[in-house]
Amino acid sequence: MTRILESYALDRWTAPDGALVDIPSAIDGRVVARASSAGLDFGAMVRYARAIGGPALRALTFHQRAGLLKALAVRLGEQKDALYGLAADTGATRGDNLIDVDGGIGTLFAYASRGHRDLPDQHFVVEGGVEPLSRNGSFVGVHVLTPRPGVAVHINAFNFPCWGLLEKLAPAILAGVPVITKPATPTAYVAEALVRLIIETGVLPAGALQLICGSAGDLLDHLSGQDTVSFTGSADTSDRLRNHPAIGRNAVRFIAERDSLNAAVLGPDAEPGTPEFDLFVKEVAREMTVKAGQKCTAIRRVIVPRPHAQAIAEAIKARLAGVVIGDPRRDDVRMGPLASTSQRAAVRAAVAELRQEAEIVVGDPDRVEPLGGDADTGAFMAPILLSCANPLAATRVHTVEPFGPVATLMPYDTPDEAVALVARGEGSLVASVFTHDGEVADQLVFGLAPWNGRILVIDRDCAKESTGHGSPLPALVHGGPGRAGGGEEMGGLRGVFGYLQRTALQGSPSRLAALTRRWIKGAPAPCATVHPFRRDFDTIRIGDTVETASRKVTLDDIEHFARFTGDAFYAHMDEEAAKANPFFGGRVAHGYLVLAFAAGLFVDPAPGPLLANYGLDNLRFLKPVAPGDDIHVRLTVMEKRPGRKADYGEVRWDVEVFSGDATVARYELLTLSARAA
Ligand code: NAP
């Protein structure tokens, strides 16, 4: 029986109440599901997210929300075979599913671990350092980021029903913002199954995730200034949504990831026979056929030095000849059908348009013999490579996006011309450069960078481990300027920060220290009655300070340190040479000696709750220490955060080393302290 897709609204599965749209299988055209959002109250969904989901998520800390993502990732990983089974009807091969299903789950894991590692176990983030705003230090500024009390509306394209949903969900949930997700209708049955799995885990709090199967109705009318829309899809739809009155009037954050004519550029040095030439051919063919070319990041423009154009065309042709097209459920099939026959019709129309400026060198858009599939009822299509002899004079090859297994070869004469050709795409998600020549890399990368959100430089040294042209990664920015939508997603914490409000806070150091739970210079720093190294993590108090005794640094100390460590740099060992140095005016102590003496002054040596020193941040040597100087240290507990394991916590200390009244060194010391038993 054909499935009728349900939406998940107000924490209930809701069947459509109106005319249904048929969703055909990509393999043979049979109707696999029907969908409609008729009957949904979109305003009520938005209000529910704001009233129920938002508060529940914001009651949790970043670490707790990271825990939700991890739990979700583990549970989805156990059930992913169900999604694989469904995705075949979208045309996805097993390899395609690795990107969509496993890639999506991997993104949840990545955000879970980043949330634990790089965000505080709190409800807000302090971004950057303290800005001094007054002469005497009684008025300072910091920036804080807090979750916006709105809803994140995620509108996705059809090509990655799982990854697209999860790569948007992870940063929003980590930020503490509830999500209403709207998958593209042609593959909504996979997204619906994914949301069912998510809801069944019971991991997310009520109201944190709602799903619309079918059209978005009047959803956008209900959005206001604390809400975010993150859209992935075509430039036309994006334009329409961006210009929706509620989006402009209420300054709703609008992130767009849309079509782009990504380029791969072969460097002039990468002649036939070089590893880079072969890598280029392999990558272009791969990008044309993975997901049947229905990837926003796929290579559409193949930009090569004119003398090598013929050789490249032949090599790509030979490579494509080995690609088995057919039923994606078969293990021997490398490329499945497009998502639907209407999608294939759109790609054929795009190819027809491109043929006004380019000629086909490989493939026939109207003929293919799929293995185990029906060429008429299924949406199969052969990979098509076109060639445009004069791409600088052409327009369509830079503007028409054939969202399928299609790419156009374009010759160039100089690297500047290659850059100009890429720029004709008016902004892309990604470009790749294949070269082993430093100058070529320099010229191409910095020429291309303003036009692309990501640039991959491939050569023989990184190819084996490269993640490839077409793979957006959770740690790196996904998005691009201009035609690509001007948006940014993922990019590590950047993607999370997009859902947070950045606010500048101004006030006294003690007020801001209390608000941010982080000691700030100028805030009270009471002398610790018990050395903080003797306190366990739970009883260490932020602001507690140790003022040490002083110690004289002698020439003997410096020479001993030089002999002991082997660091006999002239500034420490050669009076004449040190005098000639513009900073020292004579021999000075090693910075590392000053650090070592500082530790000797502030540590409390006996075994206790302090377990380990694991690093220093923001170390600066501010003034040289000369032989005969007396140094002393002020050590202040700056910040505490739970550790990765339950039995210890991480403590950040402000360390200031003085000679007399002058600060000679300042840094943040990072230690691990045991929790209370
Ligand atoms: P699309 O037709 O623009 O649809 C994208 C999404 O917008 C779908 O969920 C669609 O829903 C929805 N939508 C359409 N009209 C809407 C409206 N008035 N209000 C709210 N939502 C609306 O794109 P597509 O055909 O699914 O995807 C292919 C395109 O997406 C290609 O151009 C490709 O380059 C681009 N893409 C870009 C990225 C990227 O990251 N930059 C990734 C993947 C794909 P319905 O399906 O229900 O109409």
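Analyst: A cavity is here a set of points on a 1 Å grid over the protein atoms alone, where a 1.4 Å probe fits but cannot get out. The model examined is predicted. By this rule, four cavities of 30 Å³ or more are counted, and the largest cavity has a volume of about 90 Å³. Its lining comprises 13 residues, of which N156, N159, W163, G164 and T232 are the closest to the centre. Sorted by class, four of the lining residues are nonpolar, five are polar and four are charged. Helix 4 gives the most to this lining, with four residues.

The packing of helix 4 can be described next. Helix 4 spans residues 163-175, and its axis comes within 8 Å of that of helix 3, which covers residues 94-118; the two axes cross at roughly 10°. Because angles under 35 degrees count as roughly parallel, helix 3 is roughly parallel to helix 4. The crossing of helix 3 with helix 4 is right-handed.

On the side of helix 3, the contact involves I99, D100, G103, G104, I105, T107, L108, Y111 and G115, while helix 4 contributes W163, G164, L166, E167, A170, P171 and L174. In terms of class, this contact has nine nonpolar, five polar and two charged residues. Two names link both parts of this account: W163 and G164 are among the residues closest to the centre of the largest cavity, and W163 and G164 in helix 4 also take part in the contact with helix 3.

Technical notes. Residues numbered from 1 in each chain as written. Predicted model: local features only at pLDDT ≥ 70, side-chain atom pairs only at ≥ 80, totals over all residues. Heavy atoms only, no water. Axes fitted to C-alpha atoms, helices over the stretch in contact; angles between N-to-C directions. Helix = DSSP H or I, 4+ residues; strand = E, 2+ residues; numbered from the N terminus. Parallel < 35°, antiparallel > 145°, perpendicular 65-115°, else oblique. Left-handed = near helix turned anticlockwise from the far one by under 90°. Contact = heavy atoms within 4.5 Å. Nonpolar A, V, L, I, M, F, W, Y, C, P; charged D, E, K, R; others polar. 1 Å grid on protein atoms, 1.4 Å probe; cavity = no way out; pocket = protein on both sides within 12 Å on 5 of 7 lines; lining within 4 Å. Points joined across faces, edges and corners; volume = space filled by probe spheres on them.
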